[in-house]
Amino acid sequence: MSLSRLDQQMAFLVEADKLKSIDRSNVLMDLSRPENVGEHSWHLCLYAMTHANDAPEGTDILRVITMLLLHDLVEIDAGDMPVWQSHDADQHAQTEHAAAQRIFGLLPDDQGQYFYDLWIEFENCQTPDAIFAKHLDHLQPIIQVSDAPVMEPAHIPIAHHTLTEGRAKRLAHEWPVAFDYALNRILRNDLEHSDFAQRKLFLSEADRLKNVTRATTLCDASRYENSAEHSWHLALYALVLAEHAEDSVDLLRLIEMLILHDLVEIDAGDVPVFGDGNADQQAQDEIRAAERIFGLLPEPIGQRFFDIWTEFEAIETPEARFAKSLDRLQPPMQNLMSDGVSWRDFNVTLDVFHARVAPKIASGAPTLWRWLSPKVEEWFVVNVASSEK
């Protein structure tokens, strides 16, 4: 039996979850562990949003963010290739192209071809959108090293070489303010306060979201998901599934909303949907967190991001309704693949699921709810029956 369009899209999104298990050679800014490729991709999208005004005239930020959401999916098959590691470039390129064809081939033909073509454009790095996306991809790992409170000694010469002689050296004449900032931070030179430095303070603070643990596991149940990689996955859900929104949505606004929506958890923590938290207290904590975190940014960027976050929380616009639907859709998908780890953790029943999750999905994405509902019901029926034996 052939898969429906939505079946194909969901198969792609489940496969994409594997990117969260691919580690990179750089580490989080607190040096606690290696960064994975899913959370790296989220951070790059946040970089693109924060530095949108630095993009050359004519750059399409939605296309830049789309490239960054997709660019490293090939590493599910090909793995991460550290900049300092010698390798056969032609062989690695062939491996990545085969990965792109397989992974994007999971999607409906039109969508898969569009994503594959964007990935090729990013790799060729000839268009303004691809060049800016590449600049961000090259800059972020250097900033991970240079802005860390304590720099990892082994990473300092790698970052310096990458910036001055390696793949990021183009920044010196194509984005000199970024080059100068990164070089002076590596050298630990004093820097004057600037708009650019203020944005980097926000982006470095955002790195902490990678250590906020959620109640839902990865699809393979190997560990619990963190809020940064969850945000990347939700933005990818939005990119793939926007056509199923109940109302027409602004795709850039929708994706930006999902990139930003959980940053408040740096201060307020994650509250599981099936937990017993105090909703009023949590709302107050999150507002204070939003004011502090977005307040790190210069105006008008900080206010714009705060407004997008507030819009998401209010659930009144088409973008916010669909974003909330996706935020409720992704965890059940993870649970269906992991055999209900977090449902078992919280002793969730079908009635509880219908009360706390179903309305949010159905209100903004009834098509997605009709697809998901029988799968969830089947899981609960089978597992309740087996538990009663």
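Which residues are buried in helix α10 (residues 176–186)?

Reply: Before we dig in, a word on the ground rules: this is a predicted model, so local features need pLDDT of at least 70 and side-chain atom pairs count only at pLDDT 80 or more, while totals for chains, interfaces and linings use all residues. Residues are numbered from 1 along each chain as its sequence is written, and side-chain values use heavy atoms, with hydrogens and water left out.

Now your helix. In α10, the buried residues are A178, F179, Y181, A182 and I186. "Buried" is under 20% relative accessible area, "exposed" is over 50%, and "partly exposed" is in between (1.4 Å probe, protein chains only). Helices are DSSP runs (H or I, at least four residues), numbered from the N terminus. Look down the axis of α10 and its buried residues fall within an arc of 165 degrees, so they line one face of the helix; the arc is that of the directions from the helix axis to the C-beta atoms.

What do they pack against? The partners of these buried residues are α7 (128–146), α8 (155–164), α9 (171–174) and α11 (195–206), where contact means heavy atoms within 4.5 Å. After α10 comes R188, with a positive phi near 60 degrees.

Inside it, the side chains of R199 and D195 meet in a salt bridge (2.7 Å, N to O), that is, a side-chain nitrogen of Lys or Arg within 4 Å of a carboxyl oxygen of Asp or Glu. The two sit four residues apart in α11, about one turn of the helix. R199 is buried, at 6% relative accessible area, whereas D195 is partly exposed at 36%. Another salt bridge joins the side chains of R208 and E205 (2.5 Å, N to O). There, R208 is partly exposed, with 42% relative accessible area, and E205 counts as buried at 16%.

Stepping back, the structure holds 30 salt bridges. One of them is between the side chains of R5 and D110 (2.9 Å, N to O), and this pair links distant parts of the chain: R5 is in helix α1 (residues 5–16) and D110 in helix α6 (residues 109–124), 105 residues apart. D17, K20, R214, E225 and D270 are linked in a network of salt bridges.
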